Amino acid sequence: MAFLGSAVRRVVSAVRPPLSPLCRTTTRSYSSEPTKEKSVPYEKTLKQADGVSSGPTKPLPRSADVVVIGGGSLGCQTIYHLAKMGLTNVVLLERDRLTAGTTWHTAGLLWQLRPSDVEVELLAHTRNVISKDLEEETGLHTGWIQNGGLFIASNKQRLDEYKRLMSLGKVYGIESHVLSPAETKDLYPLMNVDDLYGTLYVPKDGTMDPAGTCTTLTRAASARGATVIENCPVTGIQVRTDDFGMKKVKAVETPHGTIETPCVVNCAGVWAAKLGEMAGVKVPLIAMHHAYVVTERIEGIQNMPNVRDHDASVYLRLQGDALSVGGYEQNPIFWEEVSDKFAFSLFDLDWDVFTQHIEGAINRVPALEQTGIKSTVCGPESFTADHKPLMGEAPEVRGFFLGCGFNSAGMMLGGGCGRELAHWIIHGRPEKDMYGYDIRRFHHSLTDNQRWIRERSHESYAFKLRPRRFYWQRNCSFFASGLVTNR
């Protein structure tokens, strides 16, 4: 039996023995259809992906008002909201199966409170869609689990920040409570509260199921007239120049035919930059390894809330009678060569990089030190220079919209951002103030500066869950130069 505690000791020892089978990465294959989960070697999965596709699941239409590219969280949410707003001649193209890229391995956490009022509204809409709207429309359960969320404050400044979040939540009717260490212990008996100043408890936070959510979204969209086509990769985007010298989207090319369209939505996640190149659009994001481990059964963990410890840079997601443990490392790993054949696949977990999360998790829930590791999940995620998504119409090409770069928050922001993106496409502008997400916030000299994108995205990732005061001190010179936006 491999334990989380022994994993830490293995990494810090001078000579590290080979990992036991429980600590090696397995590759899970999923589908939008109900199938039995299976684990196969990583290399075998890539070989299978190199094989000949069975072809598109539906015939391609000759034309469409909008073509959404990418069958992950944002793609499915966007086509659902487009159809719900009455635009039914829309098509979603997925090169493999729904969720095949990065969505399938997401933790699926949804926290309702954030410092930005716009983000609170976006998150609230996602929650309504997942927990209520879709089930009413389709009669299907999306896999939403409302087990609550717990933010950990290890110092007074962090607790003050949470109190402000609670005040903001009251404006939007979000129930939340600031708990003392003793009250936290009553709520979460397995937690170590000796080093806590307090916590923020949000009872109606929860967890989303990626496969169930995306499948239900596309079924609801299809029922309204939208077309969802899997096993259909995009090979090119035709762009025309009008009499005034303006570049506009003309058509989408695939191995199985061409779809004429005036509007394309890039929801390709990690692959969004490659898709942008097809239309001459610069997409300033970078791909990195992002990981978590799933523990064996933990007695007494059932029905506990999800936990987020910003100062330790770790989260604990309830997964039945076990926990998923993950976070954001100081030294994340880039995915240097983004493969087009990467579907339902994972990387080997680098324990040297991941160890800091285990230490933080064991400190918070000491029972984890003697808990086995059931599986590891290390997949690609896309990150941006200011840790905010890329949305809106690209300045280089009219009709080319972005819905990508969600910094591992695509599931929980998907509903709100999908609705805003749909409104943007139909009416020419979003309903909410989305300038912080608008691709136009970056000057063209930055979107084409790969060194700047790489270094700033790396820094934003590393300090995502760090104390806010440290982030501001660390970046004061960048803010003064105007190169960084307030996040």
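**Reading strands, a cavity and some loops**

Reply: Let us begin with strand pairing: strand β7 (residues 177-179) and β8 run antiparallel and are joined by three bridges. Please bear in mind that this is a predicted model.

Me: How should I read the directions in which the residues of a strand point?

Reply: In a regular strand the side chains alternate between the two faces of the sheet. In β8, G198, L200 and V202 point one way, whereas T199 and Y201 point the other way.

Me: Are the residues of β8 buried or exposed?

Reply: A residue counts as buried when its relative accessible area is under 20%. Five of the five residues of β8 (residues 198-202) are buried, and the strand is thus described as mostly covered.

Me: In what sense do β6 and β16 pair, parallel or antiparallel?

Reply: They pair in the parallel sense, over four bridges. Within this pairing, F151 has R308 of β16 as its bridge partner. Strand β16 (residues 306-309) has N306 and R308 pointing one way and V307 and D309 the other, and all are buried.

Me: Which residue of β17 is the bridge partner of D309?

Reply: The partner is V314. β16 and strand β17 (residues 314-319) are antiparallel to each other, with three bridges between them. Their hairpin has four residues between the strands, and S313 takes a positive phi near 55° there.

Me: Which other residues have a positive phi although they are not glycines?

Reply: H387 is one of them, with a phi of about 60°. H387 belongs to the loop between β19 and β20 (390-393). Because its relative accessible area is 12%, H387 is buried. N407 is another case, with a positive phi of about 55°. N407 sits in the loop between β21 (400-404) and α10. Its relative accessibility is 2%, so N407 also counts as buried.

Me: Which residues lie nearest the centre of the largest cavity?

Reply: They are A107, L109, Y315, Y328 and S408, out of a lining of 23 residues. β15 (285-295), β19 (373-384) and α10 each contribute at least two residues. By kind, the lining has 11 nonpolar, eight polar and four charged residues.

Me: Where does H423 lie, and is it buried or exposed?

Reply: H423 is part of helix α10 (residues 410-427). Because its relative accessibility is 13%, H423 counts as buried.

Me: What does the side chain of H423 approach with a polar atom?

Reply: A polar atom of that side chain is 2.8 Å from the backbone oxygen of R429. Leaving aside residues up to four places away in sequence, H423 touches M85, G428, R429, P430 and E431.

How values were computed
Residues numbered from 1 in each chain as written. Predicted model: local features only at pLDDT ≥ 70, side-chain atom pairs only at ≥ 80, totals over all residues. Heavy atoms only, no water. Buried < 20%, exposed > 50% of the residue type's maximum accessible area, 1.4 Å probe, protein only. Polar contact = N/O pair within 3.5 Å; in protein donor to acceptor, adjacent residues only side chain to side chain. Contact = heavy atoms within 4.5 Å. Pairing = 2+ DSSP bridges. 1 Å grid on protein atoms, 1.4 Å probe; cavity = no way out; pocket = protein on both sides within 12 Å on 5 of 7 lines; lining within 4 Å. Nonpolar A, V, L, I, M, F, W, Y, C, P; charged D, E, K, R; others polar.
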